[in-house]
Amino acid sequence: MRTPADNHEPSAHAPARSDQRRLLIVLGVTSAYLLTELVGGYLTGSLALLSDAVHMLTDIAALCLGMLTLWISTRPASSAKTYGYLRAEILGALLNGLFLWLLVVFIWIEAFGRLRSPRPVSGLAVMAIAIVGICVNTFSAWMTSADAPGGQRHGMAMRSVFVHVASDLVGSIGVLASGALNYFTGWMQADPAVSIFIGCLVLYGSWGLVREGVDILMESVPRHIDLDEMRTDLLAVSGTEEVHDLHVWCLTTRQIALSAHAVVAAGADRDRVLADMCHLLQTKFDIHHLTLQLECDNRRPHEPEHF
C-alpha cells in the first residue's frame, strides 16, 4: 500500500536554486583569478602556479557542470522518467571527481620531470599571486560550504565543487610555500615537490565524493541509516508481526526512498499501522518517499530472498 503523496516540489527544488546562485558568484571570482594565475605562471616560470591555474580551469568546468546538472535535476518527472532527473547531479559530481584524478596524473608527470631538471622560478612573484589565491579560494570555499536553506545538507553537485575549491585553497597555500622556499633558500625543486604534494591532497579529498556517488548509483543503503535499527523500530509498531523485503536507497543526497513489506496481525487496524509506520520513518529517519505493502498472510516464502 502506497502512502499518500505530498507535493513538496517547490521546497524540494529551493536548495538546488540556492546552490545555483552560489555557484554563479564563485564562477565569476574564480574566472578572474584564473587569468591572474595563467599570466603570473607564464611570466614567473612556476610549475606550481601553472598547475594551480590548470586546476582552477577544471574548477570552472566543475562549476559549469555543477550548474548544468543542478538545472537538469529540477526538471519535472515524466511518464518515461518517473523520478525525474534527480540523479543528474550525482553523475555530474562523479565526472568532476574523475576529472580531478586525470588532472593529478598530468601534474605528477610534469612535476617528476622537473624534479630531474629544475627550472628557475621567480619566488617573490609566486608568493604575491599565491596570497591573492588564498583570499579568493577562502571566499569560494565559504560560499560553497555555507548551509543550504533550512539547514539542509548540500547536494553532491555543490559538494563536488567544494572539493575542487578546497583543494585549490590547499594548492594556493602550497604555491606560497614553494615560492617562499625558492626565494629564501634557492631550492628550485620546491616547486615540483609542492605540486606532487598538492596532487596527493586532491586525490585524498575527492575519494570520498567519488565513493559516495558510486554508492548512490549502486543504490546502497545510506551510510547514516542503520537497517537493523530501522527494522526493530518498525516491528515495534503495534500490530506488526514481521517486516521483510526492506530496501532503503538514495534518489539524491537530499532524498531517500524506502520500500518494505509488513505482515499485520489479524484484527489490527491496517490504516493505523500504516500511519504509525509512516510517522516513524518521516520523523526519525527523515524518509518521505516510501512504499509500504501491508500483508495479512506472510508471503515471504514466495518472494525473492531479500534483507
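Q: In what order do the elements of the protein chain run from the N terminus on?
A: This is a predicted model, and its protein chain has eight helices and three strands. Reading from the N terminus on, the order of those elements is α-α-α-α-α-α-α-β-β-α-β.

Q: What percentage of the residues of the protein chain count as buried?
A: To be buried, a residue needs a relative accessible area under 20%. The protein chain has 307 residues, and the share that counts as buried is 47%.

Q: Among contacts between residues at least 6 apart in sequence, what percentage join residues at least 24 apart?
A: Take the contacts in the protein chain whose partners sit at least 6 apart in sequence. The part of them that joins residues at least 24 apart is 75%.

Q: Which residues does Thr-30 contact, leaving aside its neighbours within four places in sequence?
A: Thr-30 belongs to helix H1, which covers residues 9–44. Thr-30 is buried, with a relative accessible area of 4%. Once neighbours within four places in sequence are set aside, the contacts of Thr-30 are Met-56, Asp-59, Ile-60, Leu-63 and Ser-140.

Q: How far apart in space are Thr-30 and Asp-59, C-alpha to C-alpha?
A: Asp-59 is one of the residues in contact with Thr-30. Along the sequence, the two are 29 residues apart. In space, C-alpha to C-alpha, the distance between Thr-30 and Asp-59 is 7.8 Å.

Q: What distance separates the C-alpha atoms of Asp-168 and Asp-59?
A: You'll find Asp-168 in helix H5, residues 156–185. Asp-168 counts as buried because its relative accessibility is 0%, and buried means under 20%. Asp-168 and Asp-59 are 109 residues apart along the chain, yet their C-alpha atoms are separated by 8.5 Å.

Q: Which residues does Ile-134 touch, not counting residues up to four places away in sequence?
A: Ile-134 sits in helix H4, made of residues 123–145. Val-175 is 41 residues from Ile-134 in sequence, and their C-alpha atoms are 9.7 Å apart in space. Leaving out residues up to four places away in sequence, Ile-134 touches Leu-169, Ser-172, Ile-173 and Leu-176.

Q: At what angle do helix H7 and helix H8 pack?
A: Two packed helices are described by an angle and a distance, both taken between their axes. For H7 (residues 227–235) and H8 (residues 270–284), the axes lie 10 Å apart. H7 passes H8 in a right-handed crossing, and the packing angle is about 145°.

Q: How many nonpolar, polar and charged residues does the contact of H7 with H8 have?
A: H7 brings Glu-229, Met-230, Asp-233 and Leu-234 to the contact, while H8 brings Met-277, Leu-280, Leu-281 and Lys-284. Sorted by class, that contact has five nonpolar, no polar and three charged residues.

Q: Is Thr-240 buried or exposed?
A: Thr-240 is found in strand S1. Among the residues touched by Thr-240 are Leu-234 and Met-277, which also take part in the contact between H7 and H8. Since the cut-off is under 20% and Thr-240 has 12% relative accessibility, Thr-240 counts as buried.

Q: Which side chain does a polar contact of 2.7 Å join to that of Asp-245?
A: Asp-245 lies in strand S1, residues 240–250. Asp-245 is buried, with a relative accessible area of 15%. The polar contact of 2.7 Å links the side chain of Asp-245 to that of His-247.

Q: What is the phi of Asp-286?
A: Asp-286 lies in the loop between H8 and strand S3 (289–295). Asp-245 has a positive phi of about 50° although it is not a glycine. Asp-286 is not a glycine either, and its phi is positive too, at about 55°.

Notes: Residues are numbered from 1 along each chain as its sequence is written. This is a predicted model: local features need pLDDT of at least 70, side-chain atom pairs count only at pLDDT 80 or more; totals for chains, interfaces and linings use all residues. Side-chain values use heavy atoms; hydrogens and water are left out. Axes are lines fitted to C-alpha atoms, for helices over the stretch in contact, and angles run from 0 to 180 degrees between N-to-C directions. Helices (H or I, at least four residues) and strands (E, at least two) are DSSP runs, numbered from the N terminus. A crossing is left-handed if the near helix is turned anticlockwise from the far one by less than a right angle, and right-handed if clockwise. Contact means heavy atoms within 4.5 Å. Ala, Val, Leu, Ile, Met, Phe, Trp, Tyr, Cys and Pro count as nonpolar, Asp, Glu, Lys and Arg as charged, and the others, Gly among them, as polar. Buried means under 20% relative accessible area, exposed over 50%, partly exposed in between (1.4 Å probe, protein chains only). A polar contact is a pair of N or O atoms within 3.5 Å; within protein, one must be able to donate a hydrogen and the other to accept it, and residues adjacent in sequence count only if both atoms are side-chain atoms.
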